[in-house]
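I opened this entry to keep track of what I looked up and in what order. The notes follow below the structure.

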Amino acid sequence: MPVVLAELRRGAYADSAILMQLQRSLQELPGVRDAAVLMGTPANLELLQQAGLWTAEAAKARADDLVIVVQAETETVARSALSQIDELRRRRSSREAGHYRPRSLETALRTFPEARFASISVPGAYAADLTREALAAGLHVFLYSDNVPLSDEVELKKLSASRGQLLMGPDCGTSILGGVGLGFANRVRRGSIGLIGASGTGLQALSCMIDALGAGVSQAIGSGGRDLHEAVGGVTTRQAMRLLAEDPDTGVLVLVSKPPARRLAGHLIGLAASIAKPVVIDFLGFPPPAPRLGNIHFASTLEEAARRAVELSGNRDEGINDPLPPGQFAPPQRWLRGLFAGGTLALEILPMLRALIGEVDSNLEAEPSSLTGDGHRIVDLGSDEFTAGRLHPMLDQTLRIRGLLQEADDPGVAVILLDVVLGDGAHPDPAAELAPAVARAKQRAREAGRNLEVVVLVIGAKQDPQGRDRQVARLEKAEARVEASPAAAALLAARFVKASGETPQQEMPPVDRTPFQGPPAIVNLGLESFYESLIDQGAAAIQVDWRPPAGGDQRLSALLRKMK
C-alpha cells in the first residue's frame, strides 16, 4: 500500500519553474511513485486532492507556504525523499554560484543601468505593484503574470501610455523585440513584418508560418489578452500600431486577436486605414466586412494572415495616398448619413462602415420610423416603403435631393454618402440634378458655419449613355468626393468621420523606437526559465532574486504599500 507524506514550509517562496524542477527530481528517486512541490494556493490544494496526494498536513497550507508531498512505496522511502529536498535545492543553487542576483528591482537597475525593459512573471497578487515600480523607473514592461485585476490593468496602461512606455500585458505570453523572444517565443528570422497580438499563441503561430514562408519578423508585440476589452480600450495595441507605423524596418503590419469590442474594432480598423503601410487584420471569429479596404487586408485564419503579409512584404506602397485632407468640422458635427438608390450597394457598404466607425442604423434592418435622431445612418431609398406610388430613385431623384438638403441642415451631420448608378434604363443624366443639389447643400452648411463633406459612389462604364466621365466631372465640380467602389467610398467617408471627432483618440506620446532597434536589455523578475532563455538568445539580462514582500503576508504587504 503506497504511503503519502507531506511537509509544509511557511513563507518559503519559489517560482513555478523551480518548483517544477524540484518535483521532477523527487519523482525520479527510487521508490517514489508520485510527488508534488507547489505553493499552497487554493487551486493547487484542489489539484492535490484530485491527484490523490491529500494529507492533513497539506490541509494547513496557506497561499504563501511551500507544500512538498511524496507518494512512495514505503514510509521509509517517503521520508528519505522529503529529507532530500534541501539537498536538491542546494545543488541547484551551487550551479548558479558566482552569478550575482540582486534582491530588488532598484538594486538591479543600479547594477544594470542599461536596462530598458522589465520582464515580470511573479504571482498576479504582486504583479501590479512591481509593474508600477518598473514604469516609475522608466522601463517598458513585458508582464507575463495573469490574475491581475482589470482595474489595475486599466490604471497601469493609462500610466504607461501617458509616459510613452509600452506595457505588454498582463497575461502576455509572447513578444519578440529586436530579435529576442520574451516569454514563450520562437526563434524566427528577422524581416520586415511587424506583428501585434492580443493572442500569445496566435503570435507564435504567425511568426512560425511567416518564417516557414521565407520571410521574417521585425517586431512581435504582445498586448495582453484583455487589451481589446472595452474597459482597457486597446491602449497597447494602439501604441504598438503607431510604433510600427513609424518603424523604418517594418513594411507590413499584422494585427491578430480574439474579437474586440465592436466599437473598439471600428476604432482600430480606422487607425489602420490611416497608416501608410499595408495592414493585415485577423480578428479571430470576427466576420471580415470585405477582403480589402484600401491598405487594409482582412484574413479569416492565421495561415491566410501569414501568407497575405508575406505577399505584401515586397510592396510597401499601399498606404494612404489621397492628397486631399479632410475639411475642418464644427464641434457638433460627427454623424454620417447615407442616401442610397441601390439596395445591394447599401447592403455591401453597411458592414464596411460598421467595421470602420462602429454602430450604423439602417432601414435594411429596422423600420423606417425608428431611423430618427442622432447617429450614423444608411437609408435604402429604393425599398418598398419609399417607392409606393413613386418611381424608383434610380429614375426619380426628388426624394433623395430633399433628403440631402435636410441632412445638410442638421448641425450634427459631417458626411453625406450617396450612390449614382448609370446604365441603360437609369436616369439619363443624374449629375445634372444631383450636382447642383450637392453644391447647394455644401453652401448651406458653409453659411451655417459648418463644413459638409459629400462622398458619391459612382457605378458605371465609360460607354454608358450618361457618360461616366461627364458625370464624375460634374459631381467633382460641385465639390463632391467621387469613388468607384463601395470599399473606397466607405473608407473615405470613414476618414471624414474620424476627422470630425466621432471616435476621439486618447492623446498619447509616442513610444521611443530606440530601445527596440537592437537586442533588448532586460531585468527579469519571476520565472528563471525566462531569464535563461534570454541569456541563451544572447540578450543582456539580469535575474532578480525576487521574494514576496512581507513574507507573502497579504495584509502586512498592503500595509507596507500604504506606508511608502
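Predicted model: local features only at pLDDT ≥ 70, side-chain atom pairs only at ≥ 80, totals over all residues.

H12 covers residues 343–357 and H17 covers residues 486–500. Their axes come within 9 Å and cross at roughly 40°.

Which residues make the contact between H12 and H17? From H12 I listed Leu-345, Glu-348, Ile-349, Met-352, Leu-353, Leu-356 and Ile-357. From H17 I listed Pro-486, Ala-487, Ala-489, Ala-490, Leu-491, Ala-494, Val-497 and Lys-498. By type, the residues of this contact divide into 13 nonpolar, no polar and two charged.

**The whole protein**

I stepped back for the overall counts. The protein has 564 residues, and buried residues make up 54% of them. Its secondary structure comes to 19 helices and 22 strands. The C-alpha trace spans about 100 × 50 × 45 Å along its principal axes. Of the contacts with a separation of 6 or more, 72% are between residues 24 or more positions apart.

**Arg-9**

Next I went to strand E1, residues 3–9, where Arg-9 is found. Is Arg-9 buried or exposed? Its relative accessible area is 17%, and the cut-off for buried is under 20%, so I noted Arg-9 as buried.

Not counting residues up to four places away in sequence, Arg-9 touches Asp-65, Leu-66, Ile-68, Ile-85 and Asp-86. I checked one of these for distance: Arg-9 and Asp-65 are 56 residues apart in sequence, and their C-alpha atoms are 5.6 Å apart in space. I then looked at side chains. Arg-9 has a polar contact of 2.6 Å with the side chain of Asp-86 and a polar contact of 2.8 Å with the side chain of Glu-7.

**Helix H14 and its cover**

H14 runs over residues 398–408. I wrote down its buried residues as Arg-400, Ile-401, Gly-403, Leu-404, Leu-405, Glu-407 and Ala-408. What covers the buried residues of H14? The cover includes strands E15 (335–340), E17 (377–380) and E18 (413–421), and also helix H15 (430–447).

His-376 lies in the loop between strand E16 (361–362) and E17. At 3% relative accessibility, His-376 counts as buried. Its side chain reaches the backbone nitrogen of Leu-336 at 3.0 Å.

Gln-471 is placed in helix H16, residues 468–477. At 2% relative accessibility, Gln-471 counts as buried. Where does the side chain of Gln-471 reach? I found the backbone nitrogen of Ala-431 at 2.8 Å. Leaving out residues up to four places away in sequence, Gln-471 touches Leu-422, Asp-429, Pro-430, Ala-431 and Gln-466.

Note on methods:
Residues numbered from 1 in each chain as written. Heavy atoms only, no water. Axes fitted to C-alpha atoms, helices over the stretch in contact; angles between N-to-C directions. Helix = DSSP H or I, 4+ residues; strand = E, 2+ residues; numbered from the N terminus. Contact = heavy atoms within 4.5 Å. Nonpolar A, V, L, I, M, F, W, Y, C, P; charged D, E, K, R; others polar. Buried < 20%, exposed > 50% of the residue type's maximum accessible area, 1.4 Å probe, protein only. Polar contact = N/O pair within 3.5 Å; in protein donor to acceptor, adjacent residues only side chain to side chain.
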